[in-house]
Amino acid sequence: MSFSDSDSSSAYGGDYRNFRQISRERLLHEMLRSAKTGDSKSSWKVLIMDKLTVKIMSCSCKMADITQEGVSLVEDIYRRRQPLPSMDAIYFIQPTKENVIMFLSDMAGKSPLYKKAFVFFSSSISRELVSHIKKDSSVLTRIGALREMNLEYFAIDSQGFITDNERALEELYGDEEDSHKGDACLNVMASRIATVFASLREYPFVRFRAARSLDVTTMTTSRDLIPTKLAARIWDTLTQYKQKIEHFPQTETCELLILDRSIDQIAPVIHEWTYDAMCHDLLNMEGNKYVHEVPSKAGGPAEKKEVLLEEHDPVWLELRHAHIAFASERLHEKMTNFVSKNKAAKIQHGSRDGELSTRDLQQMVQALPQYSEQIDKLSLHVEIAGKINRIIRESGLRELGQLEQDLVFGDAGMKDVIKFLTTKEDATRENKLRLLMILAAIYPEKFEGERGLNIMKLARLPQDDMNAVNNMRLLAGASDTKKRSTGAFSLKFDIHKKKRAARKDRTGEEETTWQLSRFYPMIEELIDKLNKGELSKDEYPCMNEPSPTFHGTSQSTPVHQVPAHSMRSRRTATWARPRNSDDGYSSSDSILRHASSDFKKMGQRIFVFIVGGATRSELRVCHKLTSKLQREVILGSSSLDDPPQFITKLKLLTAHELSLDDLQI
C-alpha cells in the first residue's frame, strides 16, 4: 500500500487550508488526478463508487470539479454497467468483502469492463481482502493503483463533519441496551473519526468526558462510558496510523475533545435565532434544499425551483450565523443599495411616495433587464427571511423564545411555564414540547411520577410526547440527576436568584445582554477552557499525556483576539441584537478564504466530537471561536440534527418497534 502526504497538518508550514478544502483537494488531486499519471493514456475515465463514498464525494466536491479532473461518467458499483474496455476506471469504495468481489468480477477474465483500474479504499483494508485481490493474476496486471485514502467522513461544513451514524442515539442510549449494536456503532464511528486525522495528517491529544459516579455505591452505566470507549478506539486506530502511514506525525499536533449529548440537552431543542438555524427549524427544508416559486418568464403560472443553501452562495455565507432580525435588515440594505445604483429602478421609484418595503424592492429588481444571478440570490434570501419573520409573528415565537432564555438563565421558573401553557393555548404542540424539555433539563425532578403527567395534561400533549421528555434521563449519564449540582445538565446556582439556572451570564466583554441572544451552547465554555488549559483533567482526562514538543496555544502563548467588525448601519431592534460585537457575524469561512496571512499565525487545531448529534448553534460557536482564539475549531458528530429530528430520535429510544419514518412531531 502506498500513501501520499497531504502536508496539511496545522504544525506544518505552507498555506493554511481549512478542513473542507483539504478534504476536497485529497479527493480531486490525490485520488482523481493521480490516476492521470503512470501507464494511463486515456483522457477520460469512469468513476465507480458505492452508496457511502458517493455521499462522501458529494459533501466535498461538485460534479464540475470531478469532470475537470477527467471523469466523464460516474457509476454505482452495484448497478449493471456497460463495458468500456478502452477506458480506465477509478474505484472509490469501502473496503468491504462485497465491494472487493464486485471489483474483481469487473476486472477479471478475458473481457474486463475497463482497461485499467485505479482502486482507492475509503478506510483501512484487511490483509485477508488484499490477499483475495492478489490471488487473481489476471486482475493484478490491470491494477494501476491500490491504495487506502483513509477518508471516510462527511464534510458538511468548512469546519464540520459527521460520521453519518443517524441511529447512534437509539443504538447507544436506547432503553433496551444492545451491546452488539452499540459496539458496532462505536467501531464505525471511531474508524471514521480516525480518518479525519489521517486526512489532515494530525495526531491529537485525546481528551474525553469521564464517566460520572457520585460515590462508590453508584453503578456506572454503559451509556456513561460511551465517550471513554470511543476515545480508546480512536486512540488504537491512531496508534496504528503512526506506524503505517507515511509522514504521519509522531508527536501531538492538535487537540481532540470527545463529548456526548449529556453535556448539553438544551441546545438541541431551544430556539436558535440565527438565519441558518431558523431556516432549518421553521421551513421544513430537506437537508440544505429549499423549494420556492419563481415568476414564469413566459408570463404563465409561477414555477417551483429547488435551491441549495450552501457556502458557494455569498449571501448565505455572510448572513447564515447572523440573528434573523439583523439578517433581514442587512438584506433590506442590500436591496436598497442595488436600487439606488440602478437608473431604471430610480425611475420606477420616482413614481411612488414614501419609503419602499423590501417586497416592493424585490419586485422592482425582478422587473429589471439586468436581473442577474447575484440579484436572483438576493431576492431568494429576501423571500426566505420574509417567510421566517411571518412564522415568528404568527406563532408568537418571540414570547416563547424569551421564556426559553429566561428559564435557562434562571430568570423564570415553573410558575412562568404554567402561566404560558394556560394563557397560550394556541401554541403548537412542538413548541410546547420543546419548552417542557428545557424545563425537564433544568428541573428533572418536576417530571417524576404524577407531577410529570400533570404537566403534560396541562400542556395537552399526548403520551408520545411524554416519551421524549422521559427519555432525556437516558442521556443524563448517571442514575440520580437530582443529587448532582453539576454534571449532565451543568446546573448553576446564583445566590441572588431563587430559581435554578442551566447557564451563567457571561462577564467582561459579553456583559451586555440582549433579548434572545443570551443563550450559548455548553461547548463554547468547554472549548474556551480547553484553549486556556483550564479544563479539568478529572472530568476530562486524556488518553495520552502531551509530549514535551506539544506546542498548542492553550498551554503557554496568550490567545490572539481578532478585532470585532460590525456591519451594522441601521439600528437593530434590542430583541435581536447580539450579546457582543464578536459573535461570529463575519463568518470565519471568509476569514479562512481571504486572510491566509492571518492563518499562517494560527495555533493548532481543536477538534470537538459529540456523540448523539450536534446542533447548528454548536457549529456556529466553532466558527466564532476560530476567529476569537485564532485556532481552527472543527466540530464532528454522529449527525447534525435540527430540533424536530432530535425529538424524533429521543422518542425512538423507547419505541423499538417503530422506525424514524414512523414518528413525526
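Trainee: Which helices and strands each supply at least two residues of the lining of the largest pocket?

Mentor: Rolling a probe the size of a water molecule over the atoms shows where empty space is left. In this model, which is predicted, the elements that each give at least two residues to the lining of the largest pocket are helix H1 (19–32), helix H2 (51–60), helix H3 (63–68), strand S6 (154–157), helix H10 (275–282), helix H24 (616–629) and helix H25 (643–652). The largest share, six residues, comes from H2.

Trainee: How many residues line the largest pocket, and which of them lie nearest its centre?

Mentor: The lining of the largest pocket consists of 48 residues, and those nearest its centre are Arg20, Cys59, Ile156, Asn288 and Glu310. The space in this pocket amounts to about 1,500 Å³, and its lining residues divide into 18 nonpolar, eleven polar and 19 charged.

Trainee: And how many cavities of 30 Å³ or more are there?

Mentor: A cavity is a space where the probe fits but cannot get out, whereas a pocket is open. The count of cavities of 30 Å³ or more comes to five, and the second largest cavity holds about 100 Å³ of space. Among the residues that line the second largest cavity are Ala267, Pro268, Asp281, Arg616 and Asp642, and H10 and H24 each contribute at least two residues to that lining. By residue class, the lining of the second largest cavity is made up of five nonpolar, two polar and five charged residues.

Trainee: Let us turn to helix packing. At what angle do H1 and helix H8 pack?

Mentor: H1 and helix H8 (residues 179–200) pack at about 80 degrees, and their axes are 10 Å apart. Angles of 65 to 115 degrees count as roughly perpendicular, and H1 and H8 are therefore roughly perpendicular to each other. In this contact, Phe19, Ile22 and Arg26 of H1 meet Val196, Ser199 and Leu200 of H8, a set that divides into four nonpolar residues, one polar and one charged.

Trainee: How are H16 and H18 oriented to each other, roughly parallel or roughly perpendicular?

Mentor: Helix H16 (residues 397–408) and helix H18 (residues 429–442) have axes 10 Å apart and pack at an angle of about 10 degrees. Because angles under 35 degrees count as roughly parallel, H16 and H18 are described as roughly parallel to each other. From H16 the contact includes Leu397, Leu400 and Glu404, and from H18 it includes Asn431, Leu435 and Ile442; the residues of the contact of H16 with H18 divide into nine nonpolar, one polar and one charged.

Trainee: Where do H4 and H5 meet, and which residues are involved?

Mentor: The axes of H4 and helix H5 (residues 127–135) come within 11 Å and cross at roughly 10 degrees, so H4 and H5 are also roughly parallel to each other. Lys97, Val100, Ile101, Phe103 and Leu104 of H4 meet Leu129, His132 and Ile133 of H5, and the residues of this contact divide into six nonpolar, one polar and one charged.

Trainee: Finally, how many aromatic pairs does a search of the whole structure find?

Mentor: The search finds twelve aromatic pairs. One of them joins tyrosine 91 and tyrosine 114 edge-to-face, with 6.4 Å centre to centre and 75 degrees between the planes. This pair links distant parts of the chain, 23 residues apart, with tyrosine 91 in strand S3 (residues 88–93) and tyrosine 114 in the loop between helix H4 (97–107) and strand S4 (117–121).

Notes. Residues numbered from 1 in each chain as written. Predicted model: local features only at pLDDT ≥ 70, side-chain atom pairs only at ≥ 80, totals over all residues. Heavy atoms only, no water. 1 Å grid on protein atoms, 1.4 Å probe; cavity = no way out; pocket = protein on both sides within 12 Å on 5 of 7 lines; lining within 4 Å. Points joined across faces, edges and corners; volume = space filled by probe spheres on them. Helix = DSSP H or I, 4+ residues; strand = E, 2+ residues; numbered from the N terminus. Nonpolar A, V, L, I, M, F, W, Y, C, P; charged D, E, K, R; others polar. Axes fitted to C-alpha atoms, helices over the stretch in contact; angles between N-to-C directions. Parallel < 35°, antiparallel > 145°, perpendicular 65-115°, else oblique. Contact = heavy atoms within 4.5 Å. Phe/Tyr/Trp six-rings, centres within 6.5 Å; stacked < 30°, edge-to-face > 60°.
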